[in-house]
Amino acid sequence: MVEVTLGSTGITVNKNGFGALPIQRISDEDAVCLIRKAYEGGINFFDTARCYSDSEKKVGIALEGIRDKVIVATKTMSTTVEGFWEDLEISLDNLKTDHVDIYQFHNPSFCPRPGDGTGLYEAMLEAKAQGKVKHIGITNHRLSVANEAIDSGLYETLQFPFCYLATDKDIELVEKCRKANMGFIAMKALSGGLINNSRAAYVYLARFDNVLPIWGVQRENELDEFLSYVQEPPVMTQELEELIRHDREQLQGEFCRGCGYCMPCPVGIEINNCARMSLMIRRSPSEAQLTPQMQEKMKLIEKCLHCGQCKGKCPYGLDTPTLLEKNLKDYLEILDGKEY
Ligand code: SF4
Ligand code: SF4
């Protein structure tokens with residue numbers, strides 16, 4: 001069993017964390033079964049967020065009676081002090097607990113600091129003083145905010161996308177966190193579905209002993225894969241090394257991570273799916289990408305106003321409208337019979 005310690009928090013948990021975003025899409029009953037099974041299988045870190053609709057509620061029900069045996073992290077997207085307290089109280093109520101182990105600012109566009117005029121960091125300190133929050137964390141998709149958070153010395157954990165498609169700059173962040181004694185929580189360790197071999201994803205992250213991946217789990221068979229890694233952590237093989245090398249070559253450069261931070265689009269284009277269709281159609285079962293509903297969604301790209309809103313919001317600096325056009329062209333060719 002491999003464990004990770006999250007920097008100065010001293011929190012030590014199994015290297016397979018549970019990402020509770022996807023359980024929004026399943027029933028209460030199925031979500032509770034999944035979380036209980038995860039706990040019984042050795043997973044003891046659960047990450048949710050106020051904005052994941054009913055995820056916190058499901059986590060709260062599932063963890064009744066075992067709350068003190070697990071670590072719970074949640075997040076607030078609020079940009080006001082009033083909203084911060086409202087979110088925290090709702091989260092505590094949903095999670096049926098009197099404290100959150102790690103409370104994180106959820107992808108803010110800046111790094112909250114004391115005296116920055118927002119009052120957010122001061123509210124976080126007050127919540128900590130009241131015992132409602134044990135440790136202060138931040139999540140982000142932007143390298144600049146993540147670096148600022150580490151340099152500020154104000155945060156005990158950073159949650160950032162990290163997987164085997166990582167760039168040198170992403171790896172630098174992990175090493176900076178290690179030096180700063182900050183925990184590193186890896187989101188999108190399967191790159192939003194583009195990585196389809198979880199064993200390869202695990203073995204890459206195993207190289208970084210300070211990184212805790214949180215796997216987004218929706219189905220029992222997905223959970224079973226990760227539970228098998230709790231029991232028998234996979235090791236690197238030549239085959240996995242080759243697969244990682246191949247994927248890095250194929251997915252290098254400008255590709256959409258599906259994060260959705262560029263949305264909503266004024267004409268309703270589902271950018272987080274449509275801007276990476278060419279990859280999804282080749283890397284996951286293609287039937288789901290070729291349904292009449294999906295064809296409608298792709299054809300909506302023709303209505304793009306080129307307003308540039310999405311491009312301005314993409315934390316990866318992608319030229320989103322151009323990427324959408326390229327994906328649509330490829331998609332229409334596939335519908336016309338092109339081999340893929
Ligand atoms: S540029 Fe096109 S895709 Fe992007 S937000 Fe505007 S209309 Fe939507
Ligand atoms: S275009 Fe950028 S912001 Fe939009 S979903 Fe893709 S990676 Fe995220």
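This is a predicted model: local features need pLDDT of at least 70, side-chain atom pairs count only at pLDDT 80 or more; totals for chains, interfaces and linings use all residues.

**Stop 1**

Start by colouring residues 3-245 as domain 1 and residues 271-336 as domain 2. Now look at where they touch: five residues of domain 1 are in contact with five of domain 2. On the domain 1 side of that contact you'll find three polar residues, one nonpolar and one charged.

**Stop 1: α1 and α2**

Next, select residues 28-40, which make up helix α1, and residues 55-62, helix α2. Their axes come within 9 Å of each other and cross at roughly 55°, so the two helices are oblique to each other. Turn the view until one helix lies over the other, and you're looking at a right-handed crossing.

Show side chains here. From α1, pick Asp28, Ala31, Val32, Ile35 and Arg36; they meet Lys58, Val59, Ile61 and Ala62 of α2. Sorted by class, this contact has six nonpolar and three charged residues, with no polar ones.

**Stop 2: α3 and α4**

Move on to helix α3 at residues 81-94 and helix α4 at residues 120-129. Here the axes cross at roughly 35° and come within 9 Å. The crossing of α3 and α4 is right-handed.

Which residues of α3 meet α4? Select Val81, Phe84, Trp85 and Leu88, and you'll see them facing Leu120, Ala123 and Ala127 of α4. Colour by class and this contact comes out as seven nonpolar residues, with no polar and no charged ones.

**Stop 3: Asn107**

While you're around α4, step back to the loop between β6 (100-106) and that helix, where Asn107 is found. Check the backbone torsions: Asn107 has a positive phi of about 50°, even though it isn't a glycine. Most residues other than glycine have a negative phi.

**Stop 4: α5 and α6**

Now bring up helix α5, residues 143-152, with helix α6, residues 168-179. How far apart are their axes? They are 10 Å apart, and the helices pack at an angle of about 15°. That angle is under 35 degrees, so α5 and α6 count as roughly parallel to each other. The crossing of α5 and α6 is left-handed.

For the contact itself, display Leu143, Ala146, Asn147 and Ile150 from α5, then Lys169, Leu173, Lys176 and Cys177 from α6. The tally is five nonpolar residues, one polar and two charged.

**Stop 5: a cis proline**

Go to the loop between α9 (238-251) and α10 (271-274) and find Pro264. Zoom in on the peptide bond running from Met263 to Pro264: it is cis, with omega near 5°. Most peptide bonds are trans.

**Stop 6: ligand 1**

Centre on ligand 1 and show the 15 residues that surround it. The closest are Cys265, Cys304, Leu305, Cys307 and Cys310. Two elements give two or more residues to this shell, namely α13 (309-313) and α14 (320-335). Helix α14 gives the most, with three residues. By class, the shell around ligand 1 has 11 nonpolar and four polar residues, and no charged ones.

**Stop 7: ligand 2**

Last, hop over to ligand 2, which has 15 residues around it.

Definitions and conventions. Residues are numbered from 1 along each chain as its sequence is written. Chains are lettered from A and ligands numbered from 1 in the order in which they are written. A residue is near a molecule or strand if its C-beta atom, placed from the backbone, lies within 6 Å of it. Domain bounds come from an automatic or database domain assignment. Two residues are in contact if their C-beta atoms, placed from the backbone, lie within 7 Å. Ala, Val, Leu, Ile, Met, Phe, Trp, Tyr, Cys and Pro count as nonpolar, Asp, Glu, Lys and Arg as charged, and the others, Gly among them, as polar. Axes are lines fitted to C-alpha atoms, for helices over the stretch in contact, and angles run from 0 to 180 degrees between N-to-C directions. Helices (H or I, at least four residues) and strands (E, at least two) are DSSP runs, numbered from the N terminus. Angles under 35 degrees count as roughly parallel, over 145 as roughly antiparallel, 65 to 115 as roughly perpendicular and the rest as oblique. A crossing is left-handed if the near helix is turned anticlockwise from the far one by less than a right angle, and right-handed if clockwise.
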